[in-house]
Amino acid sequence: MRHADRVVLVTGGSGGIGAAIVERYVAEGASVGIVDFNGDAGERLAAEWRAKGHRVHFAAADVADYTNCEQAQREIESALGPVDILINNAGISPKHDGKPAPIHRMDPAEWQRVVGVNLTGAFNFSRLLTGGMIARRYGRIVSMSSVAGKAYLGDIVACHYSATKAALIGFTRHLAGELGPHGITVNAMAPGRIATPLVRTVSDAANNAVVDVTPLRRLGEPSEVADLCCYLTSPDAAFVTGQVVDVAGGWLMT
Ligand SMILES: NC(=O)c1ccc[n+]([C@@H]2O[C@H](COP(=O)([O-])OP(=O)(O)OC[C@H]3O[C@@H](n4cnc5c(N)ncnc54)[C@H](O)[C@@H]3O)[C@@H](O)[C@H]2O)c1
């Protein structure tokens with residue numbers, strides 16, 4: 001119960017890796033606020049946890065929209081109390097017939113949307129929650145980068161995805177420097193291929209090709225990313241900040 005009495009906000013917590021992160025924090029005694037675009041799944045998940053006696057609250061928001069985020073923050077903090085731990089997990093990786101758009105055919109609106117969700121979303125909640133963390137002299141922030149932020153992933157992702165995941169690394173290092181003196185740690189995780197709906201947006205052949213060159217010879221599980229996330233925000237990692245940790249089965253070793 002390393003997170004007993006902590007309040008955690010997980011963006012993109014309705015499904016995939018985010019839902020596994022919610023499950024892990026609930027198991028460790030935290031109260032969890034789920035923020036997601038997908039209202040039905042989020043409400044259902046929060047209701048399931050509440051039925052088992054846990055403090056979980058869902059707020060619908062598009063993380064790319066600052067006003068939406070502000071509303072979600074107010075809702076979650078009035079239900080659960082001030083947020084101690086922020087997990088910037090929401091992210092998208094658009095494909096067309098299972099393939100990422102090459103730059104010369106990318107719709108500028110798609111570029112803007114990916115920047116909005118993957119990068120501005122992390123800014124929005126960090127902007128909203130760090131004032132309270134500074135005042136309380138405690139905070140933990142983990143953002144979801146990707147090995148795509150550090151290496152070329154060919155036909156698996158497009159340039160907007162790689163660019164935003166790389167930007168999150170700079171964002172993480174900057175915030176770690178800025179917020180460290182206030183008792184706040186800021187880290188990023190760089191997952192490889194993790195078995196969620198997002199990886200099924202490309203062909204099995206593309207995913208199998210990754211497995212073939214992954215030393216552990218399999219896709220990762222969402223729970224394995226959640227384990228790392230919980231560690232990075234636990235007292236065991238109190239002196240770890242500004243780091244980008246791969247959870248990729250040895251793929252690329254970036
Ligand atoms: N699955 C992988 O292999 C992998 C690898 C590296 C990094 N990641 C990153 O991990 C994170 C989670 O990925 P996943 O595989 O669980 O994806 P997923 O598509 O399974 O889940 C993403 C969740 O984010 C929510 N979401 C999407 N856009 C949103 C928005 N604008 N506002 C609020 N919520 C929104 C979705 O509704 C969904 O619940 C993403 O940032 C992704 O880029 C995933």
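User: What radius of gyration does the chain have, and what would a compact globule of 254 residues have?

Analyst: For 254 residues, a compact globule would have a radius of gyration near 18 Å, the rule being 2.2 Å times the number of residues to the power 0.38, with the radius taken over C-alpha atoms. This is a predicted model, in which local features need pLDDT of at least 70 and side-chain atom pairs count only at pLDDT 80 or more, whereas totals for chains, interfaces and linings use all residues. Residues are numbered from 1 along each chain as its sequence is written, and side-chain values use heavy atoms, with hydrogens and water left out.

User: Which pattern does the chain follow when it is read along the sequence?

Analyst: The chain holds seven helices and seven strands, where helices (H or I, at least four residues) and strands (E, at least two) are DSSP runs numbered from the N terminus. Read along the sequence, these elements give the pattern β-α-β-α-β-α-β-α-β-α-β-α-α-β.

User: What share of the contacts between residues at least 6 apart in sequence joins residues at least 24 apart?

Analyst: Contact here means heavy atoms within 4.5 Å. The C-alpha atoms fill a box of roughly 45 × 35 × 35 Å along the principal axes, and 52% of the 254 residues count as buried (under 20% relative accessible area, with exposed over 50% and partly exposed in between, using a 1.4 Å probe and protein chains only). Of the contacts between residues at least 6 apart, the share joining residues at least 24 apart is 76%.

User: How far apart do the centres of the positive and negative side chains lie?

Analyst: Lys and Arg count as positive and Asp and Glu as negative, while His and the chain ends are not counted; each charge is placed at NZ of Lys, CZ of Arg, CG of Asp or CD of Glu. On that basis the chain has 23 positive and 25 negative side chains, and the centres of the two sets are separated by 4 Å.

User: Is His3 buried or exposed, and which side chain does it join in a polar contact?

Analyst: His3 belongs to the segment before β1 (7-11), and it counts as buried because its relative accessible area is 0%. Beyond residues up to four places away in sequence, His3 touches several others, including Tyr25, Ala30, Ile85 and Cys230. A polar contact is a pair of N or O atoms within 3.5 Å; within protein, one must be able to donate a hydrogen and the other to accept it, and residues adjacent in sequence count only if both atoms are side-chain atoms. At 2.9 Å, the side chain that His3 joins in this way is that of Glu28.

User: With which side chain does the side chain of Asn88 make a polar contact?

Analyst: Asn88 lies in strand β4 and counts as buried because its relative accessibility is 5%. Not counting residues up to four places away in sequence, Asn88 touches Thr11, Gly121, Ala122, Phe125, Ser126, Ile141, Val142, Ser143 and Met144. Among these contacts, the side-chain polar contact of Asn88, at 3.4 Å, is with Ser126.

User: Which side chain does Ser93 contact through a polar contact?

Analyst: Ser93 sits in the loop between β4 (85-88) and α4, and since its relative accessibility is 8%, it counts as buried. Leaving aside neighbours within four places in sequence, Ser93 is in contact with Val157, Tyr161, Leu198 and Thr201. The polar contact of its side chain, at 3.1 Å, is with the side chain of Lys95.

User: Which elements are included in what covers the buried residues of α7?

Analyst: In helix α7 (residues 222-232), the buried residues are Pro222, Val225, Ala226, Leu228, Cys229, Cys230 and Leu232. Their cover includes α1 (16-27), β4, β5 (139-144), β6 (184-191) and β7 (244-247).

User: What is the phi of Met253?

Analyst: Most residues other than glycine have a negative phi. In the segment after β7, Leu252 has a positive phi near 70° and is partly exposed because its relative accessibility is 39%. Met253 also belongs to the segment after β7 and counts as exposed because its relative accessibility is 64%. Although Met253 is not a glycine, its phi is positive, at about 45°.
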